[in-house]
Amino acid sequence: MKTNSKVAIIGLGNIGKVVAANLAHSNTNFIAADRSIAKANELAEKLGAIVQPGEISAAVKQADILILSIPFGEIGIFLHEHAADLEGKIIVDPSNPIAPDENGGFKKIIAAEKSAGEINAEFLPKNAKLAKAMGTLGAGSLGAAAHQKPEAAALFYATDDQSIDPQIEELIVNTGFEPVRVGNLTQSIRIEVFGDLHEFGALGKTVTRTEAQSKI
Ligand SMILES: NC(=O)c1ccc[n+]([C@@H]2O[C@H](COP(=O)([O-])OP(=O)(O)OC[C@H]3O[C@@H](n4cnc5c(N)ncnc54)[C@H](OP(=O)(O)O)[C@@H]3O)[C@@H](O)[C@H]2O)c1
């Protein structure tokens, strides 16, 4: 089912750029926005007319679905600052609540039993809906495994609101993956770093839909 949703990627760092390239590969129109308009313009020059570069505040107004590819600690602030324009919109949250540790690895920066998805949901503007998605793989795998053949790789997602499943699944398909719903936001922890369904957790790799469903 085609939902005709307008997608914006906010933040064109490692993940934002890969999601942009994956959407461009399937000829999906989207807005690319960053605090630096030069970065957005540069990406549009590279990926072509399918990309509409823009300022963040304009993108928030225009889009139906916003992929917030910005650091975990910035998401609550962003939702608060843009609350009025985010009413009723779909927020895609790829964030992992981690920071570098003393041994060259990563450590979780929230309590072990908490998830970024549940924390960010507390900042949701009125009638906005949140899906935890696009953060299950590292940027390298998210690029390398997109549009994989013969069997697409899976991307897990979680949301409390099943009414947005069609939009989230369409978005994931357009980025070159098979969507696999893990449940509501209480399941976010499973698809964040160190979770049992994350590339940098017990799962440890990309999986196909069949393998993914056997793990849920
Ligand atoms: N990297 C990965 O492999 C990976 C994998 C899964 C999930 N994630 C998650 O994806 C998100 C992005 O990670 P990343 O590695 O892409 O980070 P990144 O390379 O540091 O890029 C972050 C982007 O967010 C922008 N930004 C920061 N604060 C902002 C704000 N308040 N408002 C608007 N834009 C802001 C930055 O702009 P400036 O350049 O102006 O600072 C930059 O363009 C994080 O939540 C991360 O946990 C990352």
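Helix 1 (14-25) and helix 4 (72-81) each contribute at least two residues to the shell around the ligand. Helices (H or I, at least four residues) and strands (E, at least two) are DSSP runs, numbered from the N terminus. This is a predicted model, in which local features need pLDDT of at least 70 and side-chain atom pairs count only at pLDDT 80 or more, while totals for chains, interfaces and linings use all residues. Residues are numbered from 1 along each chain as its sequence is written.

**Ligand shell**
- The ligand is surrounded by 23 residues (C-beta atom, placed from the backbone, within 6 Å), and the closest are G11, G13, N14, S95 and G135.
- The shell holds 10 nonpolar, 10 polar and 3 charged residues. Nonpolar covers Ala, Val, Leu, Ile, Met, Phe, Trp, Tyr, Cys and Pro, charged covers Asp, Glu, Lys and Arg, and the others, Gly among them, count as polar.

**Strand 8 and its partners**
- In strand 8 (residues 129-133), 4 of 5 residues are buried, that is, 20 or more other C-beta atoms lie within 10 Å of their own, with C-beta atoms placed from the backbone.
- Strand 5 (residues 90-93) runs parallel to strand 8, joined by 4 bridges; strands pair if DSSP finds at least two bridges between them.
- I91 stands opposite L130 of strand 8.
- Strand 9 (residues 154-159) runs antiparallel to strand 8, with 3 bridges, and Y157 in strand 9 is the bridge partner of A133.

**Helix 8**
- Q167, I168, E169, L171, I172 and N174 are buried in helix 8 (residues 165-174).
- G176 follows helix 8 and has a positive phi, near 95 degrees.

Key. Buried ≥ 20, exposed ≤ 12 C-beta atoms within 10 Å, placed from the backbone.
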